[in-house]
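Work through the exercises below with the model open. Try each task before reading its solution.

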Amino acid sequence: MKTLIIAEKPSVGKEIARVLGATQKSKTHIEGKDVIVTWALGHLLGLKMPEEYKKEWATWDLNTLPLIPEKMLTTPLKNTRSQLKAIKQLADRKDIGSAVIATDAGREGELVARWILEYVHFNKPIKRLWISSQTDKAIKEGFNQLQPSKKYDTLYDSAVARSEADWLIGLNVTRALTVKYQDSLSAGRVQTPTLAMVRKQEAKIQSFVPETFYTVQLVIDGKKATIQDSALRKFSERQKAEDLVASLKNKSVIVKEIKEKQSIQQAPLPYDLTELQREANLRYQFSAKKTLSLMQTLYERHKVLSYPRTDSKYLTQDMIGTMKERVAAIQNFAPDEVKGILKRGAQVTQKGVFNTAKVTDHHGIIPTEERPRPEKMEADELKIYRMVVERFIGLFLPAYNVSKTTIVFSAATTLFSLQQEEVIEKGWKKEVQKQSEKGYQLNEQLTQPTYTIQMQLTEAPARLSEGTLLQNMEKNGLGTPATRAEIIEKLIKSDLMERNQNKLSTTPKGQQLLTLVNPALVTPELTRKWEEALEEIAKGTLKKEVFLKQIKNETARLVTEIKNSTETYKDHALTTKICPDCGELLKERSGRDGKMLTCSSTTCSYKRRKDPKVSNHRCAQCHRKMEIHEGKNGNYFKCKYCNITEKIEGKSSKKPSKHETSKLMKKINKQEEVESPLALAMKAAMERKGN
């Protein structure tokens, strides 16, 4: 009998098949002597939409809300039906005796596979592959340690509860807001409080009033000592600062106190996903989505990174024996450091990193034992990989050791303090210069002390960067490491938030949404409680049914609040431009290629670009890129700087390929014997093109 193995995507399925020796390839699976490896394409099934439960739910009407099905069911996703059908045919084969879930080892991966197996009514033994890297070694070891799928039943329950809760809350609240205020208003238990965090920071910026203040500092050997008493550190008026300096001008300055403290800092732990996304955003301005995509490629294609969607920074005790092999693999990235580490036996100095109890589904992100091939990596992939390697190397290096000295100077009754640092051992910190500071003696009297007065201005809070928002989401329990990037992108695509030069801001639509949506969804407290409940379900300490009953009650309450609301809404996206098809006003929307103008009427599908598309075609006069405009005779190039226009050559005269001709003729030949005017016209056009 053969085992049916279900991976999450084709690339992973093909690697598993290669490692297991399966070689008979087809479009939907790869077969071997004892195994058949197939794959999903992400989710192949989703929860049914309202109209699939009841016909009357197809109409967006406040009177039908809330929509709460007695039992929530799944349905095949339209674009991937063929792959689901192929998996069912494989599962029904008489020579299949068992299955292995080999999707991503996490909550969503469990949901992907379980829904498939439920849909195909698979009733044979099922086991679970749980690995944290895609190397040959990890795959082989994983298949030698397969676990019964029943061990992960509570994880599946947690995934189902999350999916159904998001459907109930998100769909009902979004539909209620959209119908009541006649605009597409998307809300949800995670995305709305995330949006509120950005708006809260904006409110701080808007209410900020800059203030001028003055500071007095004692200048010693070119360094500035600050007043120790925080109450005297800032003066609202310059005169008060000058009065203090005048009172100290002829007073002697004596070293009153010297405090020494040694500070030892161990190397930081490996990255979890959220911290790596934050750091990449700070260093390279990468979006959270881009960083995750790069990491997935390093994990799946290059196999040089461990599983990226982790919320842990720790490693398990049984990984101690793998450290030397991992260090050897990264030798080309830091040859000098790695040589020394291997010479010392690849001993980890940051012993606290090995803590099995603090590892959740997956350990911290570290290099695998696979030797990287930089020539096959993109520049941005290398940046992320280097970040992980730097953190990993730090685990084997000595601690950073610095001596910190605080010198307190007394000028009459006013005390000034000066901080000095001397690096004893730079350890894992690379760019640290050993310093030697001037030494002072207790009761030493300074000669010719001088003072300086500085005028300063309080600074307004900065807008949130994506990295800071990720940190706030993590702190408040909003989403998971795997979903936070997706949430940010959804807010931007929904025209509720904007990203500009790595800073985030809310749109007028987003600002209004926060006044219309239920207060419970604006703050993170409710969502944090739900995330905690989902974790309890995964651990088996809370029943899925109990949680979902609470969600259904909450859904009904939220919908009632929206129905009874007296808030008003103004659509800021409406322009003064008229739709040429139906006469309604056009709306401005953010599209994949820039701003779009779409008709505000729900029954009209008219849309066009707000601004012309910029081509790579250069102006003959100024050599700048020309725009593509639409005219009565078709599209043409136009330079907005010189006003020169050019005909776009080749578009209308391009001869169709044989494939295009064959496809079109087959379609025409399927028409009835008495052909339509459209079919006749298409035939005539094809004949003209062929001549």
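**Exercise 1: a charged pair between strands and loop**

Task: Classify Glu588 as buried or exposed, or in between, then find its salt-bridge partner.

Solution. Step 1: Glu588 has 26% relative accessibility, so Glu588 counts as partly exposed. The cut-offs are under 20% relative accessible area for buried and over 50% for exposed, with partly exposed in between (1.4 Å probe, protein chains only).
Step 2: Glu588 forms a salt bridge with Lys610; their closest N and O atoms are 3.1 Å apart. A salt bridge needs a side-chain nitrogen of Lys or Arg within 4 Å of a carboxyl oxygen of Asp or Glu.
Step 3: Glu588 sits in strand E20 (residues 585-591) and Lys610 in the loop between strand E22 (607-609) and strand E23 (613-618), so the pair ties together parts 22 residues apart in sequence. Helices (H or I, at least four residues) and strands (E, at least two) are DSSP runs, numbered from the N terminus.

The model is predicted: local features need pLDDT of at least 70, side-chain atom pairs count only at pLDDT 80 or more, and totals for chains, interfaces and linings use all residues. Residues are numbered from 1 along each chain as its sequence is written, and side-chain values use heavy atoms, leaving out hydrogens and water.

**Exercise 2: a helix pair**

Task: Which residue forms a salt bridge with Asp153?

Solution. Step 1: The partner is Arg114, with the closest N and O atoms 2.9 Å apart.
Step 2: Asp153 lies in helix H5 (residues 153-181) and Arg114 in helix H3 (residues 107-119), so the bridge ties together parts 39 residues apart in sequence.
Step 3: Arg114 is buried at 10% relative accessible area. Asp153, at 25% relative accessibility, is partly exposed.
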